[in-house]
Amino acid sequence: MDVRSSTMLDHTMEPRRFRPGAIRWTAPELLKDDMKNILPTFKSDVWSFGCNMIHVLSGQRPWSSITNNISAIFHAVKHRPVPLPQDISKQDSYFLRQCFSSRPVDRPSADQILDFVHGESLHCISGMPRTAEATAHNSRNGIPDVMAEFKRRVSDQVPSHLIYIPEMKLISRDELAAILKPEMITDEDISEHEGWSRQFVIESKLTDLLKYAILSHRWGESEPSFRDAKRLAKRKGAGYEKLRQFCKKAEEHGCLLAWSDTCCINKESSSELDEAIRSMYRWYRNAYICIVYLAQTQSLETPGSDEWFLRVWTLQELLAPLRMKFYSDGWAPLTQNENDKDDAALVFTLSRVTKIPPNDLCNFRPGPNRAWEKMTWATGRKTTRIEDIAYSLIGVFDISMTIAYGEGDRAFKRFMAELIQNCKEWQILVWAGGLPGCPTDPGCYYATDEAALEMIKNLQISWWGEGCGDCDFSITKRGVQVRLLMVPASIDQSLEESTFLCGPAGQLEASPLDKLVVRSHFFPPASTTEWAIGIVNYHDHPSNADKGKLKRGQRYICFLFTRSRRPGVDTVRNYWRRKVTEEIMTVSCANDLEQILETVWL
């Protein structure tokens with residue numbers, strides 16, 4: 001028997017042949033031959049072996065025909081087997097449970113399969129009719145693996161409330177089964193798609209059944225609320241007309257379900273509001289199509305003036321959907337494409353307006369990578385509530401945090417703590433303004449210095465493996481702990497600017513760095529303060545992980561640090577503290593330098 005072959009395999013392996021009778025199953029994932037050698041198997045092999053055993057236990061095929069002829073296995077599954085007898089022995093039932101207990105994640109459980117078998121839903125060899133009892137049972141309750149997948153998708157991937165377009169009625173996700181009737185999907189529907197796995201066919205059919213359209217827009221006057229939609233009230237006004245037009249366009253795209261943030265979120269329920277905000281990105285991602293209404297746009301040439309591009313919530317609404325359709329004032333389509341993300345002219349127009357690369361507009365993947373660049377996309381965007389600056393970005397960066405309206409700017413601090421903890425790129429630490437240990441909004445990442453921008457956006461490691469900066473920074477009680485290359489400096493202040501020099505006065509020729517000029521507020525005098533310049537993106541030392549190096553002629557991102565000069569100050573508490581500057585700073589290296597790295601806290 002070819003134990004590597006499986007009628008429902010997820011993997012393809014080089015087959016190995018064994019004599020009939022030389023194999024015995026001892027556990028769901030262990031197979032032993034007559035020499036007691038343990039042969040590793042895949043979960044899908046074990047799962048499918050249990051399916052084959054159903055044929056044997058039902059008396060439709062002898063065990064010898066299965067072991068001697070592997071083609072019989074494929075034949076047995078392609079032509080559905082008859083149901084097991086109701087008096088299946090406890091020993092056989094236990095054996096099947098062993099086979100199905102360690103199933104792949106995309107397969108039904110042992111209980112589902114055995115209930116399926118006893119309910120006479122696994123069906124005969126070609127030509128064997130289905131009993132009336134089985135037909136009635138299946139049409140009433142549905143196929144177990146189909147219904148289980150439907151319930152999973154409804155709870156995990158569908159918004160809590162949707163508009164049922166044919167009746168313009170607000171429904172909960174619990175009502176979807178009664179309306180969409182997934183139990184009408186039959187084994188015949190699934191078996192029509194030969195060459196595809198059963199799970200893939202089920203997922204495809206349920207994706208089509210549950211498809212919904214989602215609205216992206218700028219809130220206006222007289223928008224219908226959740227309570228209005230529940231009571232079928234407020235059927236007049238500009239807000240309801242926009243909703244009606246949206247549902248009309250959704251229906252034209254083949255959707256019976258629609259979602260709008262104006263009336264599909266019960267904001268009186270804190271749990272539902274929390275779920276909606278944390279799931280928003282996923283809901284836009286899972287939508288069949290996102291319909292964007294640009295109320296202040298008349299043509300493809302003038303989208304940049306629309307307020308839709310200035311709201312922070314619409315950033316994830318632009319990035320998340322796989323299919324989008326843009327409509328101008330009066331609901332005229334901006335392009336003739338079914339999916340505007342396939343329209344090169346519109347994509348490049350959106351890229352010009354938003355400063356987001358075209359590839360990210362079409363194929364964005366959320367996550368904490370390229371965090372500095374993604375934060376700049378949110379620069380200049382506005383929110384009504386200050387907490388929404390943080391809440392609107394959790395989907396873009398794929399991080400999780402609790403929702404607590406009323407916490408004010410603390411929301412963004414919590415957001416940044418989560419982001420820094422998950423990000424492994426030193427660029428996320430490079431901001432100007434805000435607080436020493438945390439930026440206060442995405443605008444802190446805005447930079448105009450071309451040299452700084454080039455260094456920040458360069459995430460690549462050189463071909464010989466040399467990296468730069470500390471990627472093992474972490475959040476601690478003292479702040480962000482990071483290792484920097486610290487160079488002592490002296491300060492020369494004037495009314496408008498401060499100049500920092502590295503090395504003792506009068507010995508500029510030995511200074512490792514050129515002078516650093518900072519236009520900022522007044523700094524403490526040198527008589528009471530020690531100064532240092534912390535280099536962020538130093539080069540890794542080739543032989544000593546505790547050292548960093550600077551190369552002559554290159555520019556580096558840097559921070560300013562101070563600590564007290566007063567005698568008798570506790571040396572443990574007298575650590576370097578970062579000074580806030582109005583711009584992201586860079587400094588040029590005057591001479592090569594290798595130095596031990598120092599741990600500081602921002």
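**Entry 1: an aromatic cluster**

I looked up which residues cluster with W259, and found that W259, W283 and Y284 form one aromatic cluster. I note that the model is predicted.

I then searched the whole structure for ring pairs, and the search gave 15 aromatic pairs. For W259 and W283, I found 5.7 Å between the ring centres and 65° between the planes. Edge-to-face begins over 60 degrees, so I wrote this pair down as edge-to-face. W259 belongs to strand β7, residues 257–259, and W283 to helix α13, residues 270–286. The two residues are 24 apart, and the pair links distant parts of the chain.

Buried or exposed? I checked this for W259 and for W283. W259 has a relative accessible area of 0%, and W283 has 1%. The cut-off for buried is under 20%, so W259 is buried and W283 counts as buried.

**Entry 2: W372 and Y445**

I looked at another aromatic pair, W372 with Y445. The distance is 6.5 Å centre to centre and the planes stand at 85°, an edge-to-face pair. I located W372 in helix α17 (residues 371–377). Y445 is in the loop between α19 (410–422) and α20 (450–457). The pair therefore ties together parts that are 73 residues apart in sequence. I recorded both W372 and Y445 as buried.

**Entry 3: arginines over rings**

I asked which residue lies over the face of Y288. It is R323, at 4.5 Å from the ring centre. I also found R578 over the face of W431, at 4.5 Å from the ring centre.

Next I checked how β6 (residues 212–216) is joined to β7, and found 3 bridges, with the strands running parallel. In one bridge I looked up, Y212 has L257 of β7 as its partner.

**Entry 4: S588**

Last, I looked up where S588 sits, and the place is strand β19, residues 585–588. S588 has 13% relative accessibility and so counts as buried. I then listed what S588 touches, leaving out residues up to four places away in sequence: L513, D514, Q554 and R555.

How values were computed. Residues numbered from 1 in each chain as written. Predicted model: local features only at pLDDT ≥ 70, side-chain atom pairs only at ≥ 80, totals over all residues. Heavy atoms only, no water. Phe/Tyr/Trp six-rings, centres within 6.5 Å; stacked < 30°, edge-to-face > 60°. Helix = DSSP H or I, 4+ residues; strand = E, 2+ residues; numbered from the N terminus. Buried < 20%, exposed > 50% of the residue type's maximum accessible area, 1.4 Å probe, protein only. Lys NZ or Arg CZ within 6 Å of the ring centre and 35° of its normal. Contact = heavy atoms within 4.5 Å. Pairing = 2+ DSSP bridges.
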